[in-house]
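This report examines one protein structure, shown below.

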Amino acid sequence: MSYLWVKAFHIIFVASWFAGLFYLPRLFVNLAMVPPDSHAERERLLLMARKLYRFMMILMVPTFVLGLLLWLYYGVGAGAGWLHAKLTLVAGILVYQEFCRRVLKDFENSANKRSHKWFRVFNEVTVILFMAIVVLVVVKPF
């Protein structure tokens with residue numbers, strides 16, 4: 001029974017963490033579109049982005065703790081190829097999140113060089129990673 005609780009909360013935290021990963025680049029789209037003379041709008045969007053990033057970092061911790069518990073204590077996916085693939089994609093998500101932190105710093109320093117169109121495409125990376133992870137965990141193709 002405890003396994004199901006751990007699994008349920010892992011899924012809840014994964015979904016919450018990804019909600020932030022989906023939304024932060026949308027804030028970047030809006031920040032890239034802010035006119036140079038619109039300081040209030042820029043500061044409001046930066047505040048939202050900073051708070052969201054901090055909240056995502058908080059959500060990431062229980063996601064990883066519960067995932068490790070499922071793997072190391074309950075043996076979910078132990079030695080399975082799909083788990084190795086999933087962990088590789090999770091590493092990709094961590095790289096993506098770190099890149100988001102750097103982009104946020106660029107916006108804070110007024111050093112962003114990318115267009116809103118670039119950020120619209122960038123936003124889709126998490127969707128693809130999320131879909132691939134769900135398929136690996138549910139279908140377990142190998």
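Lys 105 and Glu 108 both belong to helix H3, where a spacing of 3 residues places them about one turn of the helix apart. The model described here is predicted. Lys 105 and Glu 108 form a salt bridge, and their closest N and O atoms are 3.5 Å apart. Lys 105 is partly exposed, because its relative accessible area of 39% falls between the limits of 20% for buried and 50% for exposed.

A salt bridge also joins the side chains of Arg 102 and Glu 98, with a distance of 3.2 Å from N to O. These two residues are 4 residues apart in helix H3, so about one helical turn separates Arg 102 from Glu 98. Glu 98 has a relative accessibility of 27% and therefore counts as partly exposed.

Which residue forms a salt bridge with Arg 50? The partner is Glu 108, and the closest N and O atoms of the pair are 2.6 Å apart. Arg 50, at 25% relative accessibility, is partly exposed. Glu 108 is likewise classed as partly exposed, with a relative accessible area of 24%.

Through shared partners, the salt bridges join Arg 50, Lys 105 and Glu 108 into one network. The count of salt bridges in the model comes to 5.

## The packing of helices H1 and H5

Two packed helices are described by the angle between their axes and by the distance between those axes. Helix H1 (residues 2–33) packs with helix H5 (residues 124–139) at an angle of about 155°, and the axes are 9 Å apart. Because angles over 145 degrees count as roughly antiparallel, H1 is roughly antiparallel to H5. The crossing of these two helices is left-handed.

Which residues of H1 and H5 meet? From H1 come Val 14, Phe 18, Leu 21 and Phe 22, and from H5 come Thr 126, Val 127 and Phe 130. The residues of this contact comprise 6 nonpolar, 1 polar and no charged.

## Two residues with positive phi

Most residues other than glycine have a negative phi. Ser 110 is not a glycine, yet its phi is positive, at about 55°. Where is Ser 110 placed? Ser 110 is in the loop between H3 and helix H4 (116–122). Its relative accessibility is 57%, so Ser 110 counts as exposed.

Lys 140, also not a glycine, has a positive phi of about 50°. Lys 140 is found in the segment after H5. With a relative accessibility of 41%, Lys 140 counts as partly exposed.

Technical notes: Residues numbered from 1 in each chain as written. Predicted model: local features only at pLDDT ≥ 70, side-chain atom pairs only at ≥ 80, totals over all residues. Heavy atoms only, no water. Axes fitted to C-alpha atoms, helices over the stretch in contact; angles between N-to-C directions. Parallel < 35°, antiparallel > 145°, perpendicular 65-115°, else oblique. Left-handed = near helix turned anticlockwise from the far one by under 90°. Contact = heavy atoms within 4.5 Å. Nonpolar A, V, L, I, M, F, W, Y, C, P; charged D, E, K, R; others polar. Salt bridge = Lys/Arg side-chain N within 4 Å of Asp/Glu carboxyl O. Buried < 20%, exposed > 50% of the residue type's maximum accessible area, 1.4 Å probe, protein only.
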